Amino acid sequence: MKSRIIEHLYGIGTGKDRQYIHDLSQETGMSETKIIDTGKVALAKLLHDYTHFSVFTIDSFFQKVIRSFARELGIHTAYNVELDQTSILDEAIDLMLDKLDEQSFLKEWLVDWAQRKIEEGKSWNFKWDIHRLGSELFAEELKLTDDERFAEITDKKRIEVIRLKHEHDLSLYKNALKDIGKRSMDKMAKFNLSSDDFAYKNSGVGGYFRKLSEGIDALRNTYVEKACTGVEAWYGTKSCRKQDIEEAWADGLGVMLEEAVGLQVGKGKDVATSQVILKHLHVLGILSDLMECVKEYTRDQNLILISSAADFLRKIIAESDAPFMYERVGNFYHHFMIDEFQDTSTIQYLNFRPLIENSLASGYADWIVGDVKQSIYRWRNTDWKILAEKAKAGFSAYPVLKKSLNVNRRSAPEVVRFNNAFFREAVEQICAAFAKEKNATDEPAADIRRAYSDAYQYLPENQTTKPQGYVRIAMMPCPKKNGNGEDRETWKEKVMQQLPQDIERLQDMGYRLSDIAILVRENKEAQDIASALLRYGEEHPGKYRYEVLSDESLLLAGAPSVRWLVAAMHLLINPQDLINRTLLHHEQEQYLQSDRMTGIAEMTDKERQEWQSLPVYELASRLIQESGLDGNEEQQPFIQAFRDVLLQYSRREITDVHSFLAWWDEHRNKHFVSMPDGQDAIRLMTIHRAKGMEFNAVLLPFCSWQLAKPGKILWCRPPESCADIPLLPLRFESKLGDTIFVNAYLKEKMMSFIDNLNLLYVAFTRAKKSLLVYTVQGSEEKFTETGDLIRRIFLRPEAKKDENKDCISLCVKESSDGCLIFELGSLSEITGGQSPARGRGKERLAARRTLHTANRNYVPHITRGSAQMDRGKLLHEIFRHITTAEDLEREVNACISAGKLPEKERETIAGTVRQMLQNPTVGRWFSGNIQVKTEAEILLPDGSVARPDRIVFTQDGKVQVIDYKFGEKESPAHTEQVRHYMRQLSGMGYSSVEGFLWYVTQSKIVPVCQGRVT
């Protein structure tokens, strides 16, 4: 970041960055000459006093302060900062479970929890549930609770008293209803009535009374509530028991119904409250024990969680006006600018406030920069209200200037106008939907309107009115059942079919792959899209490209070199593991193609023991050197990243190979190669990762997710009148709306709505030129997903126009397949681009792949030297993948798409292969009426693998083994190799086995028999 700042200042000071200078002039009103001069001065001051110019993340800044404070006190500062909360929780949970015999309350609660899970039809294993609950230890609501109060709310004896109280209240309620039910059944029996005699039978009044008598908490349905209006609703018009029912009603049955319903209505909120409290009360006791185990483990391991650093600092500051630990930092730095302030948490704000106040009091200027509409990290404890409300109020003693940057110089006019209209209407739709919630107030709606009050973006005055951008929103119809009652093709599957066509259209308009971003909500969706594009590219070779760059394509554990190194380590400690030995051979032959890697499997026991004794970093280095991996340029990014992981691991953990392999199995999916810049590939990422980035084209293929997902833990404070426990963790679900915690429920629901609207805002505003969105046609009745929100927005085509604001009408048209389409602007050729049809695509297709993974996602990179590959290897690659002569064209196209064959050599290679297939013997091997296996693996007794080039099963029962040789002289070793294959096939039960050596470039076929050469 520091280098980027210096780079921009250099561009301003030298006058080279003309667009930036012009924008600054427009924004500030200063002349361009003045801006250039100011840039020169700023650059000179920064370079001459570079030490006093710092850029930190918030966490790294807090760590710097804590270490400085520790040094001042003479405390040892050689502690480790742990970023991975998950692994710490795992260790703490194991530690807690080991102590169960010492904790009778905890043991009883966990057993009760397991029984409840079994009764609900779930697995009794609650360890994952404890892990999810354990993450609440890092919730700021809990951290802001002082130690004394936390000890009070987690006191097990107090919790047990509260539990018994609520169980008693529930018991009284259930017994009262059961008594009413029994009296009602006795009254029905007096008149010889059953539930079938009443209207709606078991669903009506009779069934209601029967359930109450059995101790079932029967819900009041519409039939029961209707029955409260009079006896006429108790029976049907054709009932033959009308008189008996009326007499029973008059004899007290009607009063009993009113009594039962009145009890349910009057006690409903208290009962629902007791039920949710009892369901989650044990969580407090578990969390207290788990917190102690976390503290014990981190203390023993000399660790400090990065999430705990800010809270540790807050407790030391303790609301001091000028805390000692900030004096040195405050005197060292005069000005502060905090970017992305909407992602600041309450604790972080409490820590920053004294520092900023010190700076302001000294007469220096500070900047707080952020956008509440881009607050999408609330699950990390961030609070956008700090930027929206608290920051200005907190510094009210100082002059505060609020500046809204409402001119959009980045995106095309069509994208800007669409976003203006869409989000204005989205706010109204969310407020309207929330107003229908039971017990809803006006405050949440005011919050969202305040957050989006500055959402409108203006275009620059010199912005051309010529169409420059394109927006397309496609609402796919919901899938319907087919004749067999099964779902037809899902809307997501249809979108997946459309996605390659959109990518091709963009390439036709000159978009490079690096101009395109595909944004998703979840990583699983990214994996599905990457696999689908890979398949489509293989099935449709040609001028278009579909390569993607994603986290999955840069996963360290997916690299062949890393997989081989880990497999080699496993083989060192367990040489009898035949499956792992096979995996080792598979990796080296399939991906790495090195003959130097066989030695690891042939070590003596003494050599193996010597290697096992090496520290894991040194062991890996020796494996890399001995295997020749250090010469594999394609795998170097992964190898170097793996070395870095080993180095970090060795600084903190036991360095023997056994310990590392156990650690790697647990953490292997958390390490990635850093995403390289300048790669010409589609960026496939989640919306969260795309924040702060921009792309010429943004595709949002699955724009439908839950607006308020249940399951989140809410730390609720009961009203003072019911405060038998001051703080309680409750799971967010609709049942909370019927309890005393209704305000917390409504607040969380509105905050979830805002979170997901912000996600849409971040996704839609990443686009510079083109925005293509797919969603499903939401429901008219429900309002639970973003698809429902989008439907409501577009089903109200009238745009609410504001004065002096350019608005568009959000109208849709229905396509022939039932899809609702909104379009604005047109997809036009991008400036400076070049479409594949004009040559760019074919040239790029020759680029070598440099990063590979197990799922074959890759990153195109600069070629190493010439694109011309060894002719023999290329021919071997072609013969390896063709089963019949008809497959030749497809395989040649695949080699061109993979960058293994230049387009200009297509006909030369294809003609050469066709000529070879004209040999009568070879032609029979590649005919379409026989069974063929190419490079089929034969697992041998010692764990190694034999892989003949081709095995042909003839119609007369013979098995023919063919091994290709390209440009090599004849050798007895070649014959022995084929004989080895033949012996293995004979041992597998094939009675008639023939062998052949085919010297391809010499057009010579040599038959081989098991005993001699003929």
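**View 1. Parallel pairing of strands β21 and β22 in the predicted model.** Seven bridges join β21 (residues 959-965) to β22 (residues 993-999), and the two strands run in the parallel sense. Within this pair, V959 stands opposite V993 of β22. The structure shown here and in the other views is a predicted model.

**View 2. The open sheet that holds β21 and β22.** Five strands make up the sheet, in the order β17-β20-β21-β22-β23, and their pairing is mixed. Its edges are formed by β17 (931-934) and β23 (1004-1008), each of which pairs on one side only. From one strand to the next, the twist averages 20 degrees.

**View 3. Helix α37 packed on the sheet.** Helix α37 covers residues 972-987 and touches β20 (950-953), β21, β22 and β23. The direction of α37 makes about 150 degrees with that of β22.

**View 4. Helix α1, residues 2-13.** The twelve residues of α1 reach 16 Å from the first C-alpha to the last, close to the 16 Å expected at 1.5 Å a residue. After the helix comes G15, which has a positive phi near 80 degrees.

View 5. Buried residues of α1 are I6, L9, G11, I12 and G13.

Definitions and conventions: Residues are numbered from 1 along each chain as its sequence is written. This is a predicted model: local features need pLDDT of at least 70, side-chain atom pairs count only at pLDDT 80 or more; totals for chains, interfaces and linings use all residues. Side-chain values use heavy atoms; hydrogens and water are left out. Two strands pair if DSSP finds at least two bridges between them. Helices (H or I, at least four residues) and strands (E, at least two) are DSSP runs, numbered from the N terminus. Axes are lines fitted to C-alpha atoms, for helices over the stretch in contact, and angles run from 0 to 180 degrees between N-to-C directions. Contact means heavy atoms within 4.5 Å. The expected span of a helix is 1.5 Å times one less than its number of residues. Buried means under 20% relative accessible area, exposed over 50%, partly exposed in between (1.4 Å probe, protein chains only).
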